[in-house]
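Hello,

Here is the structure I promised to pass on to you. Please have a look at it first, and then read my notes below.

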Amino acid sequence: MKNNQTLVTSPLLPPLEEFIPYLENIWQSRRLTNGGPFHERLEKELADYLGVKYLSLFANGTLALMTALQALDIKGEVITTPYSFVATSHSLLWNNIKPIFIDIDPATGNLNPELIERAITAETSAILPVHCYGIPCDYNNIKKVADKHNLKVIYDAAHCFAVRNHGESILQYGDLSILSFHATKVFNTFEGGAIICPDSETKKRIDYLKNFGFADEVTVVAPGINGKMNEFQAAFGLLQIKHLDAAIEERKKIYQRYVAELIGIPGVSLLTIPDTVDWNYSYCPIFINEQIFPVSRDELYACFREKNIFVRRYFYPLIPEFPMYFNEADNIIETMPNAWNTSRSVLCLPIYPGLTEEQLAEVVGIITSFIQIRVA
Ligand SMILES: *Cc1c(COP(=O)(O)O)cnc(C)c1O
């Protein structure tokens with residue numbers, strides 16, 4: 001069954017025998033969690049690898065997001081994107097914050113800073129953008145708007161592990177950035193996540209918050225949560241780092257093959273990666289223009305499913321279409337036309353280390369088969 005299925009992603013798993021010594025170490029030390037030695041090492045090695053100053057590990061990305069909002073005491077309204085995974089705005093609801101959705105820039109899939117400014121009210125306390133597919137947001141203009149209105153900025157950087165712009169990590173922008181190390185991401189610790197912060201004082205506060213608010217054995221300074229990453233996850237992360245460069249290189253080769261095969265097909269467009277960006281090749285979204293391509297995005301999606309190829313429509317539906325966010329008055333089609341159209345045209349193709357040439361050819365073949373039919 002598994003052998004003739006192609007999924008949109010497949011987790012990076014180093015050879016099992018390489019992980020055994022880490023497990024033996026854990027069994028020997030009997031340190032399973034609460035900031036053990038592997039946890040401490042991974043925080044340091046990841047900060048080095050990513051080129052950031054301070055990093056706090058979490059059990060998953062969603063807890064990191066929820067804690068980031070607590071760490072900065074965000075309240076009221078937060079301006080965010082409708083075009084993301086639901087965890088982005090769920091983190092707001094869990095903190096009793098009202099998400100305000102605005103349209104995206106169709107060229108990048110990211111928030112449009114001009115629209116941010118128009119959505120600010122007296123209740124607005126922060127902006128929560130997503131670097132969608134790992135393409136950097138317009139962080140300079142977002143900072144300008146935030147500074148002018150005294151707002152915090154938290155980046156959901158779940159897609160941008162290792163992404164750099166002009167040679168610098170994009171995780172350093174905003175007040176905080178969060179990462180996800182979920183199995184489906186470029187770097188995984190089965191489940192996992194992190195908050196990147198600029199100074200040791202903020203890291204200290206975040207570290208209290210992820211451990212019930214404990215500052216020491218007898219002092220609880222905040223109603224914290226249990227967001228700690230355990231030693232198994234941290235050990236696995238340390239092993240993963242060794243395989244990362246090769247994994248990203250392999251993703252790059254696959255992405256470039258897709259581009260070579262798909263570029264110029266009428267009605268199919270690809271992401272634009274700015275020249276200044278060292279990207280992580282985390283996703284391979286294509287956008288189907290139904291006016292030009294012979295079949296609709298959903299018909300194409302169904303063809304893939306028939307062939308056991310599980311491409312995904314990231315991100316469809318939009319977050320404000322889900323019942324806990326839906327508000328008739330939002331009039332999504334009119335107020336967020338770019339997000340609406342993007343969600344109706346996107347298809348993410350399989351990309352991961354280990355995707356074979358045959359699998360890639362089959363994916364491409366399904367798309368090009370429609371073009372040949374039209375020409376004939
Ligand atoms: C994966 C993801 C998350 C959630 O991360 P988890 O580690 O699965 O909790 C949040 N935001 C975005 C944009 C994601 O893609």
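Arg297 counts as buried, at 0% relative accessibility; buried here means under 20% relative accessible area, exposed means over 50%, and partly exposed is in between (1.4 Å probe, protein chains only). Please keep in mind that this is a predicted model, in which local features need pLDDT of at least 70 and side-chain atom pairs count only at pLDDT 80 or more, while totals for chains, interfaces and linings use all residues. Residues are numbered from 1 along each chain as its sequence is written, and side-chain values use heavy atoms, with hydrogens and water left out.

Back to Arg297, which has its place in helix α9 (residues 297–306). Helices (H or I, at least four residues) and strands (E, at least two) are DSSP runs, numbered from the N terminus. Setting aside residues up to four places away in sequence, Arg297 touches Ile288, Glu290, Arg313, Tyr316, Ser343, Arg344, Ser345, Val346 and Leu347, where contact means heavy atoms within 4.5 Å. Between Arg297 and Pro11 there are 26 Å in space, C-alpha to C-alpha, and 286 residues in sequence. The side chain of Arg297 also forms a salt bridge with that of Asp298 (2.8 Å, N to O); the rule asks for a side-chain nitrogen of Lys or Arg within 4 Å of a carboxyl oxygen of Asp or Glu. Asp298 is partly exposed, at 34% relative accessibility.

On to the other salt bridges. Side chains of opposite charge can pair when their charged atoms come close. How many salt bridges does a search of the whole structure find? There are 15 salt bridges in the whole structure. One of them joins the side chains of Glu261 and Arg257 (3.0 Å, N to O). Both residues belong to helix α8 (residues 231–262), where Glu261 and Arg257 are four residues apart, about one turn of the helix. Glu261 is partly exposed with a relative accessible area of 34%, and Arg257 is partly exposed with 28%. Lys143 and Asp147 make another side-chain salt bridge (2.9 Å, N to O). Because Lys143 and Asp147 are four residues apart in helix α6 (residues 139–149), about one helical turn separates them. There is a salt-bridge network as well, linking Glu43, Lys203, Asp207 and Lys210.

Helix α3 may interest you too. Since nine of the eleven residues of α3 (residues 61–71) are buried, the helix is largely enclosed by the rest of the structure. Among the buried residues of α3 are Leu63, Leu65, Met66 and Leu69.

Ser169 sits in strand β8 (residues 168–169) and is buried, with a relative accessible area of 3%. Its side chain reaches the backbone nitrogen of Leu171 at 3.0 Å. Apart from neighbours within four places in sequence, Ser169 is in contact with Leu50, Gly51, Val52, Val163 and Arg164.

Finally, the domains. The chain is divided into domain 1 (16–239) and domain 2 (243–375), with bounds from an automatic or database domain assignment. Their centres, taken over C-alpha atoms, are 26 Å apart. Domain 1 brings 34 residues to the contact and domain 2 brings 35 residues. About 3000 Å² is buried between domain 1 and domain 2, and carbon and sulfur atoms give 65% of that area; buried area is the accessible area (1.4 Å probe) that two parts lose on being put together, summed over both. Tyr83, Tyr133 and Val186 supply 24% of the area that domain 1 buries against domain 2, more than any other three residues.

What does the rule find across this interface by way of salt bridges and polar contacts? It finds zero salt bridges between domain 1 and domain 2, but 18 residue pairs in polar contact (both at pLDDT 80 or more). A polar contact is a pair of N or O atoms within 3.5 Å; within protein, one must be able to donate a hydrogen and the other to accept it, and residues adjacent in sequence count only if both atoms are side-chain atoms. On the side of domain 1 that touches domain 2, α4 (87–93), β4 (98–101) and β7 (164–165) each supply at least two residues, and α4 gives the most, with three residues.

Best wishes
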